Amino acid sequence: MSRTLIFGALLAGIFITAALVSFVWTPFDPAVLDIPARLQPPNGTHLLGTDHFGRDIASLIMVGARTSIAVALLAVGIGMSLGIPLGLWAAARRGSLVDEVIMRGNDLVFAFPSLVIAILITAVFGAGAVNAIIAIGIFNIPVFARITRGAALSLWERDFILAARVSGKSGLRISVEHILPNITNLLIVQTTIQFSLGILAEAALSYVGLGAQPPTPSWGRMLADAQTMVSIAPHMALMPGFAIILTVLGLNLMGDGLRDLLDPRLRVTRT
Amino acid sequence: MWRYTLKRLLSLIISLAVASLVIFAVIEVAPGDPASFMLGISAQPETLAALRTELGLDVPKVQRYLTWVTGMLTGDFGTSYTYRIPVADMVAQRLWVSLPLALYALTLSTLIAFPAGIYAAARRGRPGDMGVMGATQLGVAIPNFWFAMMLVLLFAIKLRWFSAGGFAGWDEGPFAAMRSLTLPAIALALPQAAILARVMRSALLDVLGEDFMRTARAKGLTARQALWRHGLRNAMIPVLTIIGLQFSFLLAGGIIIEQVFYLPGLGRLIFQSISARDLIVVESVTMLLVFAVIFVNFCVDLAYAAVDPRLRART
């Protein structure tokens with residue numbers, strides 16, 4: 001395994017673990033306000049300092065990780081559960097009307113400025129984590145559909161697929177039994193990339209007040225709170241920012257490392 | 001080339017038609033009646049009905065859609081419910097902030113990315129390459145609005161070189177206006193520059209492995225000469241695509257950055273209109289942004305069909 005993969009997995013793992021641990025333990029109760037202790041810079045008691053309500057930032061980041069990770073994970077889930085079948089379907093019926101409609105639909109979603117539409121959706125249907133998941137998820141569908149179709153198309157030309165067709169298997173069975181297992185590597189890599197993009201998108205939506213609503217902590221909301229405080233308490237902006245950057249960086253490095261590990265052909269051409 | 005252009009044009013029109021339907025439908029199902037929002041909960045039913053007639057809310061949906069679309073085609077974007085002025089005027093005013101911001105950011109991003117990508121490709125596998133690639137990994141991971149806050153902290157609050165927000169206006173002269181757009185443009189450009197530098201590097205590396213590059217070297221060109229004369233031009237196709245896509249991202253990303261810097265651009269207009277239930281503004285501005293994105297992509301398609309005849313033949 002490459003060092004990139006290990007380093008990336010470690011970084012992302014720290015925050016995923018923190019999110020899980022926060023269900024049973026946080027250094028302080030992130031919901032309790034402690035006004036006398038407000039705006040403290042990082043110190044022995046509050047390792048990452050406190051916010052304008054005296055809440056412990058380390059605890060908020062741990063609980064906020066849950067929101068960011070859950071939103072991103074579910075959004076990627078939407079993209080995969082709709083995009084992969086669509087891609088497989090388009091590849092199985094390549095050149096047909098179905099293929100054309102699916103691919104043109106993909107182009108259309110791609111053409112939309114995703115953030116504008118996410119803002120539109122959350123603004124019209126109400127701000128909140130669920131609508132944020134749907135808004136981010138919609139834009140994951142064409143990503144998975146396109147990459148699935150592309151990879152599946154080249155597989156359909158291969159001899160072992162021909163053998164499966166000769167043996168009388170339907171397009172659906174071939175897609176599920178032969179195509180899907182052979183493109184899993186590619187999909188795993190894409191999933192880590194989309195996951196990291198989802199975390200960035202969630203942070204942006206929460207930052208403008210369209211994601212998770214108070215009192216649910218999220219990294220984007222913490223940054224929105226920090227904006228007016230940045231001159232007197234820079235740590236309020238720095239800490240959640242570092243959390244986002246390190247998680248996204250970790251996931252991206254993991255994606256790179258996984259690609260090298262799972263796709264030996266790329267490794268050969270890259271070196 | 002004509003066939004290709006016609007085909008792209010047709011798909012452009014279909015995309016726009018579907019986009020307008022989707023945007024109209026989303027706004028239509030939006031909860032909250034603009035008329036009752038404007039008049040408050042104690043409004044008389046007659047007043048409400050009168051206002052609905054005035055705003056054109058009482059005609060059938062299909063007719064309203066057609067009125068909206070034909071209006072957009074002739075440059076009439078409707079009249080704002082809250083400000084009672086033509087949406088086109090509001091958009092024109094805001095465009096003078098959003099468009100320069102996007103172009104400024106695009107310029108910065110290209111100016112950073114090209115040298116970085118070329119440098120990394122020329123030094124593949126050496127420390128210089130790894131340094132640039134490490135920096136781009138970091139650049140991709142940084143949320144631009146967070147980076148914007150850090151820029152404000154450093155350059156506006158600590159060093160006092162720039163103002164922390166607001167827009168000087170073009171009346172103050174281009175220098176003052178560009179100055180207030182500088183920090184927002186840097187914040188927008190950095191993550192894009194990181195992506196573009198990576199694309200530039202990998203496109204160049206692909207080209208460097210081609211036979212014609214070996215021929216160029218065999219003719220006696222140095223590695224550097226071959227890179228500049230033959231490598232760059234051939235690496236431009238993927239790079240152009242990404243620049244086209246980035247423009248759309250910069251327009252959309254501008255929405256968040258405008259919030260950070262309190263810039264009176266299209267993004268803030270959308271947010272203000274959403275909270276005021278001024279749906280005709282939301283509808284028209286969103287459609288305009290979508291149009292800009294689809295149109296830029298259309299131009300990119302045509303541009304590289306012109307650059308690369310093989311693409312024309314394929315479609």
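Rings of Phe, Tyr and Trp pair up here if their centres lie within 6.5 Å, with the six-membered ring standing in for Trp. Keep that cut-off in mind for the first close-up; like the others, it shows a predicted model.

**Figure 1. An aromatic cluster in chain B.** Ring pairs tie B:Phe24, B:Tyr65 and B:Trp68 together into a cluster. Zoom in on B:Tyr65 and B:Trp68 and you'll find their ring centres 6.3 Å apart, with 55° between the planes, so the pair goes down as tilted. Both residues sit in helix H4 (residues 61-73) of chain B, and because they are 3 residues apart there, about one helical turn separates them. Over all chains, the structure holds 10 aromatic pairs.

Figure 2. Chain B is built from 13 helices and has 0 strands. Its C-alpha atoms fill a box of roughly 85 × 60 × 35 Å along the principal axes. Of its 315 residues, 48% count as buried. Take the contacts in chain B between residues at least 6 apart in sequence, and 73% of them join residues at least 24 apart.

**Figure 3. Where chain A meets chain B.** On the chain A side 36 residues are in contact with 42 residues of chain B. The two chains bury about 3300 Å² between them, and 82% of that is on carbon and sulfur atoms. Which residues of chain A lose the most area to chain B? They are A:Leu120, A:Val124 and A:Ile245, which together make up 16% of what that side buries.

Figure 4. The rule finds 1 salt bridge between chain A and chain B. B:Arg198 makes it with A:Asp256, the closest N and O atoms being 3.7 Å apart. H9(A) gives the most, with 11 residues. Sorted by type, the residues on the side of chain A that touches chain B come out as 30 nonpolar, 4 polar and 2 charged.

Figure 5. Most residues other than glycine have a negative phi, and most peptide bonds are trans. Here are some spots that go the other way. In chain A, a cis peptide bond joins A:Pro214 and A:Pro215, with omega at about 10°. A:Pro215 is found in the loop between H7 and H8 of chain A. A:Leu39 has a positive phi, near 55°, and lies in the loop between helix H1 (3-21) and helix H2 (57-92) of chain A. Is A:Leu39 buried or partly exposed? With a relative accessible area of 23%, A:Leu39 is partly exposed. Over in chain B, B:Arg84 has a positive phi as well, near 60°. B:Arg84 sits in the loop between H4 and helix H5 (87-122) of chain B, and at 43% relative accessibility B:Arg84 counts as partly exposed.

Terms used
Residues are numbered from 1 along each chain as its sequence is written. Chains are lettered from A and ligands numbered from 1 in the order in which they are written. This is a predicted model: local features need pLDDT of at least 70, side-chain atom pairs count only at pLDDT 80 or more; totals for chains, interfaces and linings use all residues. Side-chain values use heavy atoms; hydrogens and water are left out. Contact means heavy atoms within 4.5 Å. Buried area is the accessible area (1.4 Å probe) that two parts lose on being put together, summed over both. A salt bridge is a side-chain nitrogen of Lys or Arg within 4 Å of a carboxyl oxygen of Asp or Glu. Helices (H or I, at least four residues) and strands (E, at least two) are DSSP runs, numbered from the N terminus. Ala, Val, Leu, Ile, Met, Phe, Trp, Tyr, Cys and Pro count as nonpolar, Asp, Glu, Lys and Arg as charged, and the others, Gly among them, as polar. Rings of Phe, Tyr and Trp (its six-membered ring) pair if their centres lie within 6.5 Å; planes under 30 degrees apart count as stacked, over 60 as edge-to-face and the rest as tilted. Buried means under 20% relative accessible area, exposed over 50%, partly exposed in between (1.4 Å probe, protein chains only).
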